[in-house]
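Please write a short report on the fold, the cores and the salt bridges of the protein shown here.

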Amino acid sequence: MKIIKGRIREEQAKEYAHAHRHITIATGAIPQAYEIIDAVFAIDSHTEGFWSSADPAKAFDGVKQQLIEKCRRMNGDAVIDCQFEYRVALADGIFNKKQCLEIFAYGTVVKVVDADVQAPQPDVP
């Protein structure tokens, strides 16, 4: 029975480590060699409150967190070549319109490969 319990704990530890591993979000390439998994897209927003304005930092953190979670589900190590765009919109409030900041993001989910493999080099004219 101890062997089974040990295996279960070991598997749980691996699952925990996998779920909490560091995911890199980069607006360019990464220095390691990698394989492309897929493209990913995310959107988040923050609406002004009664006493506060729309907070771009909260919307940005939210969209980055979504990219990280999608990368984890795809078993990736990083989201590279990310692009971030935003728009300011109006949302219905109780008494009037409220400002809403939306951030859109997309990038490429990649899996880091063996360190002996050369990283892809950008095309330079």
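Among contacts in the protein between residues at least 6 apart in sequence, 73% join residues at least 24 apart. A contact here means heavy atoms within 4.5 Å. This is a predicted model: local features need pLDDT of at least 70, side-chain atom pairs count only at pLDDT 80 or more, and totals for chains, interfaces and linings use all residues. Residues are numbered from 1 along each chain as its sequence is written, and side-chain values use heavy atoms, with hydrogens and water left out.

**Fold and surface**

The protein has two helices and four strands. From the N terminus on, their order is α-β-β-α-β-β. Helices (H or I, at least four residues) and strands (E, at least two) are DSSP runs, numbered from the N terminus.

Of the 125 residues in the protein, 26% are buried. Buried means under 20% relative accessible area, exposed over 50%, and partly exposed in between (1.4 Å probe, protein chains only). The protein exposes about 9100 Å². Carbon and sulfur atoms supply 55% of that area. Accessible areas come from the Shrake-Rupley method with a 1.4 Å probe; for residues, only the protein chains shown count as cover.

Phe41, Ile43 and Tyr106 form a nonpolar patch on the surface. Together they have about 280 Å² of accessible area. Patches are made of residues with over 30% relative accessible area and no salt bridge; like charges are joined within 9 Å, nonpolar side chains (Val, Leu, Ile, Met, Phe, Trp, Tyr) within 5 Å. Ile43 belongs to strand β2. Its relative accessible area is 38%, so Ile43 is partly exposed.

**Helix α2 and the cores**

Helix α2 covers residues 56-73. At 1.5 Å a residue, its 18 residues should span 26 Å. The expected span is 1.5 Å times one less than the number of residues. The end C-alpha atoms are 26 Å apart, which agrees. Buried residues in α2 are Ala59, Gly62, Val63, Leu67, Ile68, Cys71 and Arg72.

The largest nonpolar core has 15 residues. Val40, Val63, Leu67, Cys71, Val79 and Val109 have the most contacts inside it. Two or more residues each come from β2, α2, β3 and β4 (97-112). Helix α2 gives the largest share, five residues. A nonpolar core is a set of buried Ala, Val, Leu, Ile, Met, Phe, Trp, Tyr and Cys residues joined through side-chain atoms within 4.5 Å.

Leu67 touches Ile25, Val40, Ala42, Val79, Cys82, Phe84 and Ala105, not counting residues up to four places away in sequence.

His46 lies in strand β2 (residues 34-47). At 18% relative accessibility, His46 is buried. Leaving out residues up to four places away in sequence, His46 touches Ser53, Ala54, Asp55, Lys58, Ala59, Gln99, Cys100 and Leu101.

**Salt bridges**

How many salt bridges are there? The count comes to three. A salt bridge is a side-chain nitrogen of Lys or Arg within 4 Å of a carboxyl oxygen of Asp or Glu.

| Pair | N to O distance |
|---|---|
| Arg72 and Glu69 | 3.2 Å |
| Asp77 and Lys111 | 3.6 Å |
| Glu102 and Arg87 | 2.3 Å |

Arg72 and Glu69 are three residues apart in helix α2, so about one helical turn separates them. Arg72 is buried at 17% relative accessibility. Glu69 is partly exposed at 33%.

The side chains of Asp77 and Lys111 meet in a salt bridge. The pair links distant parts of the chain, 34 residues apart: Asp77 is in the loop between α2 and β3, Lys111 in strand β4. Asp77 is buried at 18% relative accessibility, and Lys111 is partly exposed at 28%.

Glu102 forms a salt bridge with Arg87. Glu102 lies in strand β4 and Arg87 in strand β3, so the pair ties together parts 15 residues apart in sequence. Glu102 is buried at 15% relative accessibility. Arg87 is partly exposed at 44%.

**Positive phi**

Most residues other than glycine have a negative phi. Asn75 is not a glycine, yet has a positive phi of about 65°. Asn75 is found in the loop between α2 and β3 (78-92). Its relative accessible area is 36%, so Asn75 is partly exposed.

Asp81 also has a positive phi, near 50°. Asp81 lies in strand β3. At 37% relative accessibility, Asp81 is partly exposed.
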